[in-house]
Amino acid sequence: MSTAESPSPVLLLACLCAAWCPTCVSYQQAFQALAAQHPEARLVWIDIEDHADALEDGDEDIPDIENFPTLLLLRDGQPVFHGTVLPHAEVAERLLQQAPSLRPLADASVRALARAVAGLAADPALDMG
């Protein structure tokens, strides 16, 4: 009798940045290289000004992105990390490794941001891989 293996969690790591930010510009290449090293995860680059409409408050209380780079990690559609990080690929790498053990975030505004980012991530043009 065979047992079906449970599927791996779907990981989405979004970098929320701005084109005018020199830190973001320098981090983008490292983030893209990280995407190539992690085919099990989907890494997306979201310019918060290009996608301001989707990230504005509207009906939901979405937090403003004021510091860069800000990473949002979703596991199976649920946010498990949201915060400004040092612009080093090793930090994002560690997040991806820890993703299975991170607990979902309960903050309503981060959950609203996660829904907005998941919607934006449907655009393949944002893929870093």
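Student: Does H38 count as buried or exposed, and at what relative accessibility?

Tutor: Buried means under 20% relative accessible area, exposed over 50%, and partly exposed in between (1.4 Å probe, protein chains only). H38 has 9% relative accessibility, so it counts as buried. Before we go on: this is a predicted model, where local features need pLDDT of at least 70, side-chain atom pairs count only at pLDDT 80 or more, and totals for chains, interfaces and linings use all residues. Residues are numbered from 1 along each chain as its sequence is written, and side-chain values use heavy atoms, with hydrogens and water left out.

Student: Where does H38 lie?

Tutor: Helices (H or I, at least four residues) and strands (E, at least two) are DSSP runs, numbered from the N terminus. H38 is in the loop between α1 (22-37) and β2 (41-47).

Student: And which side chain does the H38 side chain make a polar contact with?

Tutor: A polar contact is a pair of N or O atoms within 3.5 Å; within protein, one must be able to donate a hydrogen and the other to accept it, and residues adjacent in sequence count only if both atoms are side-chain atoms. For H38, the partner is the side chain of E40, at 2.7 Å. As for plain contact (heavy atoms within 4.5 Å), H38 touches E93 and L96, leaving aside residues up to four places away in sequence.

Student: Now the rings. How many aromatic pairs does the structure hold?

Tutor: A pair of aromatic rings is described by the distance of the centres and the angle of the planes. Rings of Phe, Tyr and Trp (its six-membered ring) pair if their centres lie within 6.5 Å; planes under 30 degrees apart count as stacked, over 60 as edge-to-face and the rest as tilted. There are four aromatic pairs here. In one of them, Y27 and F31 have ring centres 5.7 Å apart and planes at 50 degrees, so the pair is tilted. Y27 and F31 are four residues apart in helix α1, so about one helical turn separates them.

Student: What are the relative accessible areas of Y27 and F31?

Tutor: Y27 is at 1% and F31 at 0%, and each is buried. Y27 also pairs with W45: the centres are 6.3 Å apart and the planes at 45 degrees, so this pair is tilted. Y27 sits in helix α1 and W45 in strand β2, so the pair ties together parts 18 residues apart in sequence. W45 is buried, at 11%. Ring pairs link Y27, F31 and W45 into a cluster.

Student: Last one: which residues does H51 touch?

Tutor: H51 touches I46, L120 and L126, not counting residues up to four places away in sequence. Its place is the loop between β2 and α2 (52-55), and H51 is buried at 18%.
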